[in-house]
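Please open the structure in your viewer and keep the selection panel at hand. This tour moves from stop to stop, telling you what to select next and what is there.

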Amino acid sequence: MDSTTTLEPTGRTTIGRGRNRAVADRGRLMALLGDALIAHVGVVMGEHPVVLPTAFAVDAGGPDTGGTLYLHGSVAAGWLRAAPDATVCVTVTELDGLVAGRSAFHHSMNYRSAVIIGAGRLVEDASERQHALDLIVDHMIPGRSATLRASTRKELAATAVVAVPLHEASMKERDGGPGDEPEDVASGGWGGHIPLRRVAASPVPDADARGVVPVEVVARARALAAR
């Protein structure tokens, strides 16, 4: 099996329950990671696990096996101190709909969800750190990093970047209506789903903003509004 194009390369990321919803194409994983804006990172800290939301970015051609997922945060953050050289679990989910079945059992959600498991690596090389931070900014607002001043030494010293290989990954997705029992369908009750999508309103300048809204901010807002 070619782990550069397929998912579930190891037992840790092989889907058991719900195999019919498993996604084998690594390209669809990359598309999901491109759409999503929030990742949840799980790491064991001492005697208990912690799961926290964070911004992220992906470099498909990054230095780690299968590509690289980058996370960042304050050097004082406990989870970032615990992540390097530890096994971390990163999950990313996009909610696409609410499914109304004809029974409580068949209510569900439409979604795309990925799990990445791997050893966290503290990014210490200055050029890779800057590349990762630019990617994270541009993941939120494409093209934004090129318009900003250079980060100061103090800002860089206060920021930690952790890389996670994209090699061990799995993905599931669900779409469409409920999988109701034939007898419930025959009873004539209503079933279906409510599609959901993320949208954006117009950019709102802060009190000290000067000039027009930057083109990359306008473009991002329009792109999200058109989803």
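**First stop: helix H6**

Select helix H6 and turn to the face pointing away from its buried side, where you will find the exposed residues Val215 and Arg222; exposed means over 50% relative accessible area, buried under 20%, and partly exposed in between, with a 1.4 Å probe and protein chains only. Helices (H or I, at least four residues) and strands (E, at least two) are DSSP runs, numbered from the N terminus. Before going on, note that this is a predicted model, in which local features need pLDDT of at least 70 and side-chain atom pairs count only at pLDDT 80 or more, while totals for chains, interfaces and linings use all residues. Residues are numbered from 1 along each chain as its sequence is written, and side-chain values use heavy atoms, with hydrogens and water left out.

Now colour the buried residues of H6, which spans residues 215-225: they are Glu216, Val217, Arg220, Ala221 and Leu224. They lie on the same side of H6 because they cover an arc of only 135 degrees around the axis, the arc being that of the directions from the helix axis to the C-beta atoms. What do the buried residues of H6 pack against? They pack against H3, where contact means heavy atoms within 4.5 Å.

**Second stop: helix H3**

Select residues 126-140, the 15 residues of H3, which reach 22 Å from the first C-alpha to the last, close to the expected 21 Å; the expected span is 1.5 Å times one less than the number of residues. The buried residues of H3 are Glu128, Arg129, Ala132, Leu133, Ile136 and His139. They cover an arc of only 135 degrees around the axis, and so they sit on the same side of H3.

Next select Thr152, which is found in the loop between H3 and helix H4 (153-157). Is Thr152 buried or partly exposed? Thr152 is partly exposed, with a relative accessible area of 33%. If you draw a distance from Thr152 to Pro63, C-alpha to C-alpha, the two are 25 Å apart in space and 89 residues apart in sequence.

Then move to Asp85, in the loop between helix H2 (78-82) and strand E6 (87-100). Asp85 has a positive phi of about 70 degrees, although it is not a glycine. Most residues other than glycine have a negative phi. Asp85 counts as exposed, at 75% relative accessibility.

Select Ser113, which lies in strand E7 (residues 108-119) and is buried, with a relative accessible area of 19%. Not counting residues up to four places away in sequence, Ser113 touches Leu32, Val92, Thr93, Ser170, Met171 and Lys172. Ser113 and Val23 are 90 residues apart in sequence, yet their C-alpha atoms are 9.7 Å apart in space.

**Last stop: the whole chain**

Finally, zoom out to the protein chain, which has 6 helices and 11 strands, and whose C-alpha atoms fill a box of roughly 70 × 45 × 35 Å, taken along the principal axes. Of its 227 residues, 34% count as buried. Among contacts between residues at least 6 apart in sequence, 71% join residues at least 24 apart.
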